[in-house]
Structure formats: structure tokens, C-alpha cells
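Dear colleague,

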Amino acid sequence: MNMDFNFFMNDVVANARREIVDAGYTELKTPEEVEKAIAQKGTTLVMVNSVCGCAGGIARPAAAHALHYDKRPDHLVTVFAGQDKEATETARSYFTGFPPSSPSFALLKDGKLCAMIERHDIEGHEPMAVIQKLQNAFEQHCEDL
């Protein structure tokens, strides 16, 4: 069997992108889009997407299901590590004090980081544990819907 690796990876990336966009997140592909999104007033959840099978397979469903809560961010955005490199680098410049991590979540309020969920908080954990971490951050920093 001869399989084109790039064809396979393009399909994996497309599915990972679609899954998070279908959950209600706006995809940011350029540094300018990231700057504009983070400059918005209110709370912004940035999901750093990744094709990592184990952690990404937990993070994307958690990103979707965590939104079923009384409090949630005003804005939902995503960058894709390893794909939209400049956009991801720009987003990570706001995550002061944290090394690059993907997948991960950063909750910002008026452009300032207030909560971070890194890969080590995702990988090896049950999706419900990650959902709970996200909702705890929403409870502390977001307003009721």
C-alpha cells in the first residue's frame, strides 16, 4: 500500500480545523487577525489547536463542550500550531510566563492573560477534567450569559 503522507496530513489538519470552527471558534491565520482579536474588550479564549492525536483529541472536544456553561468568554478564537506559524507565535506572545504549548488554552481579559491551560493539563487527562478546568476559568473571569 502506497500512501502519500502529505495527503494524509492535509486531511488530518482539515478535520482538526473544521472540528474547532464548527464548535464556534473563529480561526485566526495571520498576526494581524490575532492582534485585532486580542484587542477586543472583554474575555477572549484562545485555543491553540494541534494535530497531536492524544492531546488534540481531548482538547478539541473539551473546547466545544466547555461552552455549555452559564459563564463563558465573549470571544472564541483559535490558532493552529505548526500550520499558521506567525499567527500562533503572535498569540503566544500574550501568554507571558508560559512556554509554547500545543494544544493549549489561554483566557485573556481585555488583552491580558488571566488563565492558562497547557498541554500537560490536557494530555493524559479525561476530557471532563479539561472541561472542568476551562469552566473553572470561565467562572473566575467571565460574565453570565
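Asp110 counts as partly exposed, at 42% relative accessibility; by the cut-offs used here, buried means under 20% relative accessible area, exposed means over 50%, and partly exposed lies in between, with a 1.4 Å probe and protein chains only. This residue is found in the loop between S4 and S5. Most residues other than glycine have a negative phi, and most peptide bonds are trans.

Before the remaining findings, a note on the basis of the values. This is a predicted model, in which local features need pLDDT of at least 70 and side-chain atom pairs count only at pLDDT 80 or more, whereas totals for chains, interfaces and linings use all residues. Residues are numbered from 1 along each chain as its sequence is written, and side-chain values use heavy atoms, with hydrogens and water left out.

Overall architecture

The protein contains 5 helices and 5 strands, where helices (H or I, at least four residues) and strands (E, at least two) are DSSP runs numbered from the N terminus. Along the sequence, their order is α-β-α-β-α-β-α-β-β-α. The radius of gyration is 15 Å, close to the 15 Å that the globule rule gives for 145 residues, so the protein is as compact as a globular protein of that length. That radius is taken over C-alpha atoms, and the globule rule is 2.2 Å times the number of residues to the power 0.38. Taken along the principal axes, the C-alpha atoms fill a box of roughly 55 × 35 × 25 Å.

Of the 145 residues, 46% are buried. The accessible surface comes to about 7,800 Å², and carbon and sulfur atoms hold 51% of it; the areas come from the Shrake-Rupley method with a 1.4 Å probe, and for residues only the protein chains shown count as cover. Among contacts with a separation of 6 or more, 73% are accounted for by residues 24 or more positions apart, contact meaning heavy atoms within 4.5 Å.

The nonpolar cores

In soluble globular proteins, nonpolar side chains tend to be buried together. A nonpolar core is here a set of buried Ala, Val, Leu, Ile, Met, Phe, Trp, Tyr and Cys residues joined through side-chain atoms within 4.5 Å. The largest such core has 24 residues, and those with the most contacts inside it are Tyr25, Leu45, Phe105, Ile122 and Leu134. Two or more residues of this core come from each of strand S2 (43-49), helix H3 (53-65), strand S4 (104-109), strand S5 (112-117) and helix H5 (127-141). A second, separate core of 15 residues includes Leu28, Val34, Ala37 and Ile38.

Leu134 is in contact with Leu45, Ala62, Ala63, Ala66, Phe105 and Ile117, leaving aside its neighbours within four places in sequence. Ile117, placed in strand S5, counts as buried at 8% relative accessibility. Not counting residues up to four places away in sequence, Ile117 touches Ser104, Phe105, Ile122, Lys133 and Leu134.

Leu28 is found in the loop between strand S1 (26-27) and helix H2 (31-38), and this residue is buried, with a relative accessible area of 7%. Leaving aside neighbours within four places in sequence, Leu28 is in contact with residues including Val34, Ala37, Val77, Val79 and Ala87. The C-alpha atoms of Leu28 and Thr88 are separated by 8.6 Å, although the two are 60 residues apart along the chain.

Other positions

Lys109 lies in strand S4 and counts as partly exposed, at 36% relative accessibility. Not counting residues up to four places away in sequence, Lys109 touches Gly42, Thr43, Cys114, His141 and Glu143.

A cis peptide bond joins Ser102 and Pro103, with omega about -5 degrees. Pro103 is placed in the loop between helix H4 (85-92) and S4.

Gly53, found in helix H3, is exposed, with a relative accessible area of 56%. Gly53 and Val130 are 77 residues apart in sequence and 16 Å apart in space, C-alpha to C-alpha.

With kind regards
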